[in-house]
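Here is a friendly note to read beside the model. Please keep the structure open and follow the points in order.

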Amino acid sequence: MTPDRPDLVEPISDASLVTSLDLLDHEQGIRAAQTSTRGRALQTLHGSPDAPLHAMVNYIRRGSYIRPHRHWTQDGAVQKGESFVCHKGSGKIIFFDNSGNIIRIMPISAAKPEFILIPPQVYHTLVANSEMLIMIENKTGPYNPETDKSFHPAFPEEGSKEVEALMEEWLRL
């Protein structure tokens with residue numbers, strides 16, 4: 001606590017804890033996404049999956065399928081919001097209701113950057129319209145692959161034969 005503001009915690013003075021990523025140099029991330037079978041890659045700034053805040057740069061190649069999901073589980077054990085800013089390229093965030101119907105399509109573009117906050121209980125996916133979509137993301141940690149998200153049951157798993165037609169449909173929206 002500080003004397004003049006008892007509600008504030010004393011700031012950490014260890015500058016060695018500060019991390020950064022050059023947002024003008026995307027060569028490594030783009031190369032990783034281009035060679036990935038999933039068509040995307042992630043560069044992280046947080047030091048560990050256990051970190052309370054995850055700061056990342058997402059590289060998403062056109063045609064990469066991100067299964068609709070939300071960062072919320074029925075038992076309430078996981079409730080994670082996430083925020084995005086489009087840094088390069090263009091695409092869309094598609095939002096779904098519990099039945100799998102599209103309820104909103106949000107165009108995203110580096111030409112008109114917006115700060116987007118997605119609450120935990122909202123099903124969504126990202127679709128790259130440009131050859132490469134680069135998104136800056138923050139999400140509540142820690143990360144556990146077993147509990148981080150719940151996938152929408154109306155949509156196929158990655159690698160399913162239905163994915164290609166679905167991606168073509170979403171790209172046309």
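1. Start with the pairing of strand β5 and strand β8 (residues 123-128): 6 bridges join the two, and they run antiparallel. Two strands count as paired if DSSP finds at least two bridges between them. Strands (E, at least two residues) and helices (H or I, at least four residues) are DSSP runs, numbered from the N terminus. Within this pair, Phe 95 stands opposite His 124 of β8.

2. A word on the source: this is a predicted model, where local features need pLDDT of at least 70, side-chain atom pairs count only at pLDDT 80 or more, and totals for chains, interfaces and linings use all residues. Residues are numbered from 1 along each chain as its sequence is written, and side-chain values use heavy atoms, leaving out hydrogens and water.

3. β5 has another partner to look at, strand β6 (residues 102-109), with 7 bridges and again an antiparallel course. Phe 96 has Ile 102 as its bridge partner in β6. The hairpin of β5 and β6 has 5 residues between the strands, and there Gly 100 takes a positive phi near 95 degrees.

4. Is β5 (residues 90-96) largely enclosed or open? Of its 7 residues, 6 are buried, so β5 is largely enclosed by the rest of the structure. Buried means under 20% relative accessible area and exposed means over 50%, with partly exposed in between (1.4 Å probe, protein chains only).

5. Next, the largest nonpolar core: it has 14 residues, and those with the most contacts inside it are Ile 93, Ile 108, Leu 126, Leu 133 and Met 135. The elements giving two or more residues to this core include β5, β6 and β8. Such a core is a set of buried Ala, Val, Leu, Ile, Met, Phe, Trp, Tyr and Cys residues joined through side-chain atoms within 4.5 Å.

6. Now turn to helix α2 (residues 163-172), whose buried residues are Val 163, Leu 166, Met 167 and Trp 170. They cover an arc of only 100 degrees around the axis, which puts them on the same side of α2; the arc is that of the directions from the helix axis to the C-beta atoms. On the other side of α2, Glu 164, Ala 165 and Arg 172 are exposed.

7. Finally, find His 71 in the loop between β3 (69-70) and β4. His 71 is buried, with a relative accessible area of 2%.
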